[in-house]
Amino acid sequence: MKKIIKIILLLALTFLVSTEEIIANEKIKIGLLVPLTGKNSEIGKSIINSTRLAINKINNLSIEIIPKDTQSNPRNTLKEAKELAKLGVKIIIGPVFNENLIYLDELPEVTFLSLTNKRNNYSQNIINAGINATSQLNTIKKFIELNEIKKTILLTPDVNYKKEIKKAISDSKIKIIKNYIYNNDPTELTQQIEKITRYDVRKQNLEDEIVRLEKSNQNNKERLIEKLKKRDTLGGVNFDSIIIADFDESLKSVTTSLLYTDISPKKKYFITLNQWFDKSLLQEASAQPLYFPSINKNNYEYFSEEYFQKFNQYPNQLSFLSFDLIGLVYYLIIQNNSTIDEKIFTKKNLFKGKIGIFEIKNNKINHVLNFYKVENNEFKKIFWFY
């Protein structure tokens, strides 16, 4: 850990003083592929604003950001990417949506830093820079190891990212007993959770024990029976922690179903994925403590306030990521002797951004995240890396 901290401090120092290493008359052209028209235009405009903030922080006139409108359409994304390539752009931040990546293999000379967190790349020239499932499970794995948790199950909704979760289990080498795939339809969810938690068996165990005591000659049977009648179930389950790979209301439905089946977060660890500090979780007192990996909370709040002061509105999550990506690209160019080529993302490297620590290797980006819990109406940091 000390070695990592030393490396990160060195990178931060290099980032601060590196403007002197760029030749003043050389332009560092960075493309930006975002939706500027249509239903997703607010996302694109927010990303542009955040890149402006990043450029101001770096304070180097050699950097030129060239934005283009994807219109949230894969063919228009390719068209605009080709225009950027004609201008000599070799690194493009974007596009935002995974479906807009499908034709970008036609530009192998250009590297795309997609803002998606999915890892199903369509081409070697696409690097998904979002906070992927592997990064999150790596952090959860650390928490499990620190707390010596032996038996973990994973609950994954039957949705399009379930393949991502399956791959992340393999990549992170996290030890789980089983990955249960569930239908998040509320009419079916509770029944599925009942089966996973053996609720009917534990319910029957309770009823059987009450009957047995009633027929017994134990001196204190009335007191024992009264105590049992206050319970919902009797008997344990074969896990110590539950990772719920879900979000928003669907996540809350799962925790509610677990509580209904007499599985309490006070006795079993409830863990989920990055929730971006969703404040609605603070109101779910019965489902607390709830643990999750995430970005640096203090930096996120500071960035949001700074953004608000500048643009009179709050940024979206992708804005925070794109702010860091400008700094990351700038730093890697410096590390590569001011040369922009295909090697820039292949070398093993670390970069400390506002989100956390970026790990770069073999045209892939992973994030070293912090770990938090929701408890007593606040987000509490459990462990962090800087």
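1. The largest nonpolar core of this predicted model has 68 residues. Within this core, L113, L155, I242 and L325 touch the most other members. Helix α11, which covers residues 317-335, supplies the largest share of the core, 12 residues.

2. I242 deserves a separate look. Neighbours within four places in sequence are set aside here, and I242 is then in contact with I153, L155, L258, I263, Y269, F270 and I271. One of these partners, L155, is also among the residues that touch the most other core members.

3. There is another core, which lies apart from the one described above and has 23 residues. Its members include F143, I149, L154 and V368.

4. Next, the open spaces. The volume of the largest pocket is about 1200 Å³, and 37 residues line this pocket. Which of them lie nearest its centre? They are N117, F247, N274, W276 and Q317.

5. Two or more residues each come from α4 (133-146), α5 (162-172), α10 (297-311) and α11. The most, 4 residues, come from α10. By residue type, the lining of the largest pocket divides into 17 nonpolar, 12 polar and 8 charged residues.

6. The structure also holds 3 cavities of 30 Å³ or more. The largest cavity contains about 70 Å³ of space. Its lining is made up of L251, K252, T255, L281, E284, A287, Q288, L290 and V374. Helix α9 (residues 248-260) provides the largest share of that lining, 3 residues. Sorted by type, the residues lining the largest cavity are 5 nonpolar, 2 polar and 2 charged.

7. The second largest cavity has a volume of about 40 Å³. What lines this second largest cavity? The residues are K57, N299, Y302, F303, E306, F323 and K354. Here α10 gives the most, with 4 residues; α10 also gives the most to the lining of the largest pocket, again with 4 residues. The lining of the second largest cavity has 3 nonpolar residues, 1 polar residue and 3 charged residues.

Note on methods. Residues are numbered from 1 along each chain as its sequence is written. This is a predicted model: local features need pLDDT of at least 70, side-chain atom pairs count only at pLDDT 80 or more; totals for chains, interfaces and linings use all residues. Side-chain values use heavy atoms; hydrogens and water are left out. A nonpolar core is a set of buried Ala, Val, Leu, Ile, Met, Phe, Trp, Tyr and Cys residues joined through side-chain atoms within 4.5 Å. Buried means under 20% relative accessible area, exposed over 50%, partly exposed in between (1.4 Å probe, protein chains only). Contact means heavy atoms within 4.5 Å. On a 1 Å grid over the protein atoms alone, a cavity is a set of points where a 1.4 Å probe fits but cannot get out, and a pocket is an open set with protein on both sides within 12 Å along at least five of seven lines; lining residues have an atom within 4 Å of a point. Grid points are joined across faces, edges and corners, and a volume is the space filled by probe spheres set on the points. Ala, Val, Leu, Ile, Met, Phe, Trp, Tyr, Cys and Pro count as nonpolar, Asp, Glu, Lys and Arg as charged, and the others, Gly among them, as polar.
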